[in-house]
Amino acid sequence: MLERFPFGRAPLWLLVLALASTVAVLLTQRLGAAARPDLSFATSASTHMEAYREAAAIFEKKRGVRVSVELVHSRALQTRLQNAMLAKSPVPDLVELLYGDIAYFTRGPLSDVGLVDLTERLDKQGLKERLVESRLSLWSSRGHAFALPHDVHPVMLMYRADILESLGIDVNAIETWDDFVALRPKVVKDLDGDGVIDRYLIDLPIGESWGVLILLLQRGVSLFDEHGKLQMNQPATVDTIDWYVHQVEGKDRIATQCGWGQSLMKAMKDGLALFYVAPDWRTHSIEMEAPNVRGLFRVMPLPAWTPGGRRTSTWGGSGLAITKASQHVELAWDFAKLLYFDRDELGRRYRATKILPPLKDSWTLPELAEPSDFFRGQRIGEEFAKLAPDVPADWATPYKGRAEDRLGGVVLHALEHFRAHGDDGLRALIQKELAEKSADVEELMNRNVLDKE
Amino acid sequence: MKQRGLAPYLFLAPYLVVLLVFTLYPLANAAVLAFQQTNGPATRAFVGFDNFRFIFSDPTFYQALKNTTIFAACSVLVQLPLSMGLALLLNEGKGRARALLRLVLFSPNLVGQIFVGVLFSVLFTARYGLVNRFLQALFGWGLEKQWLQDPALVMPAIIIAALWLYVGFNMIYFLAALQSVDKTLEEAARVDGATRLQVFWNVTLPSMRHVVVFVVVTSLIGSYQLFELPLALLSSSNGRGPDNAGLTVITYLYDVGFVTGDLGLGSAVGWVSAIIIFTLSLLQIRFSGLAEE
């Protein structure tokens, strides 16, 4: 046969390989289709995985179905889901998205959104009242909820209890940010006399906008309102940036930037800053990544802007959405309810992740009342739950990234100005920059000819 | 005979199908998309040249273009001379030491941009990073420098990381070219009394002109496609850096196309970027005189 093949041996082998790979692909597809689960669920949260797998096993047993739970990196999950929706190729039945990612999927006419609108289900089944309502802001567009909130993420401050005790500072006496700043003379010091400050009050970023955003949310300023209108340029924003600049720059500064990962853990251990902004997810990740600071920290509410004011903010979040392309929407909804509304399941997951669920009736779970060795026996679940009803709304839009980026730019320009000229003209500069940057974001928003329904 | 006439096309068919589906069709689609506005996965509207109008009126695009051009200029003016210098040094050495040095200098390229980005994000950490510790120990200054948070230091940080990554890679090209230079010509020049610099400038460099132009053009193209390195180095700001100090043209494309969700605008940025790269490459080839050859 080899001799009789008209184009020689090499092309024959190429043909054989092509045929063999075609058969292999077809077989793999057929076998894959036979093994396909009834429900597929993709999440990017590695800390949730173990609890989700256990929940999936319970659901499989109860309903006689097969559920697959897949861990995908958040960026890959977002990009792959976008591409799959564009190409109309298969997508998971359920996806757990990160804060901010949903805005892409809810652009355009509501009828085009590739995620199931959960608003009516939440209302009719009485689930909305059971949730911290402000958390739906992260997952809603034009009054329609497209995902269930996984968390509340109230923000507290972690503090080095051992050092503060040795300095004779009582954190219970700190009620406002003014009280907090007044601690500076006692805390901010060059301890070894080498001309470099070795201890600051708090870790706040300079080149990233999260610090200002958390403080703005605490004051009730979300960059966008519930209708998607930009709210960045406000007197409260000017006040907050003005205050912030004075805390992170200049001779009277109280803050340093400790960064992320190893440098943050080292700073915490060294006591470079004594207070750290800490939503529940961060307390847990520090507990996991920095065992050498066990027993050194406790948590306290954020100082308020005015006496009696809000003592918390929020930072981040994830939410569970059902894709419209799912062949089993009702089954997916039942699984979602098990994951997000079942008390036993939430208790198990709290123990694994230390993330406070937004379901208000879960806050009496015994798991939340367990004392934490890491935080000197403090019942941090209860501490976060006390603040959860006060967590502000944070509305999502596709332009949020750009707005956050521009806000960060305003802070940096204000810092440069303060470094060079002090307070002279600082507020005027912040006002001018905010107006310019808002116009810049609005230009991108206004050119959208498809979002005018 | 008829069978023979069909055969070449049959053998070419798989490649042509792949080229059509994965290159030509996306290119054509991107050309159409560049004149549309897209909104989420399902909706499109024709907007004429509005995407291009927006790009050329957006200060962020100019910031991205400026950053990318600075990076490209440093690639050509700093990175390539360094690569050439190392190649010249290694070309003179002999034996195992040369092979080992070649491997050591080339090895950063084996790990890729993401790894280098992550690695340098640790090295550039304020107060605890190796770079800052080194500066403090050597000059008594720099311990608290915020390489990745200070807009003035972000581009230098990216360029330093890229130097570590690419100097060895380009050195390999130059080394290969140096080894193919006709030694008798160099010898003749030396006999005629030329200095080392004169030999290099008048004999060696012209002999390896094709390789130099190739490396310059590929470096320029690579520089204008810079994406992964700043994305990993400045991951907390999605590769943009403080005040967009690390934003590149391709990061801008990713931002408008995949974060904000307007693939039409993203496609328009892609075309603008392709035209810039094409023009620069053409100019480079023209000025180097290769076009006439």
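Leaving aside neighbours within four places in sequence, A:Leu157 touches A:Phe275, A:Tyr276, A:Val277, A:Ala278, A:Val299, A:Met300 and A:Leu302, where contact means C-beta atoms, placed from the backbone, within 7 Å. The model is predicted: local features need pLDDT of at least 70, side-chain atom pairs count only at pLDDT 80 or more, and totals for chains, interfaces and linings use all residues. Residues are numbered from 1 along each chain as its sequence is written, while chains are lettered from A and ligands numbered from 1 in the order in which they are written.

A:Leu157, with A:Ala147 and A:Ala273, has the most contacts inside the largest nonpolar core, which has 123 residues. Such a core is a set of buried Ala, Val, Leu, Ile, Met, Phe, Trp, Tyr and Cys residues joined through C-beta atoms within 7 Å; buried means that 20 or more other C-beta atoms lie within 10 Å of the residue's own. Helix 16 (residues 400-421) of chain A provides the largest share, 8 residues; helices are DSSP runs of H or I, at least four residues, numbered from the N terminus. The core lies between domain 2 (34-152 + 317-390) and domain 3 (156-315 + 398-446) of chain A, because both give residues to it. A second, separate core of 55 residues includes B:Ala87, B:Leu226, B:Leu229 and B:Ala232.

Chain A also has domain 1 (1-31), with bounds from an automatic or database domain assignment. The C-alpha centres of domain 1 and domain 2 of chain A are 46 Å apart.

Between the chains, the contact takes 38 residues from chain A and 33 from chain B. Helix 1 of chain B gives the most to the side of chain B that touches chain A, with 3 residues.

Definitions and conventions: Two residues are in contact if their C-beta atoms, placed from the backbone, lie within 7 Å. Helices (H or I, at least four residues) and strands (E, at least two) are DSSP runs, numbered from the N terminus. A residue is buried if 20 or more other C-beta atoms lie within 10 Å of its own, exposed if 12 or fewer, and partly exposed in between; C-beta atoms are placed from the backbone.
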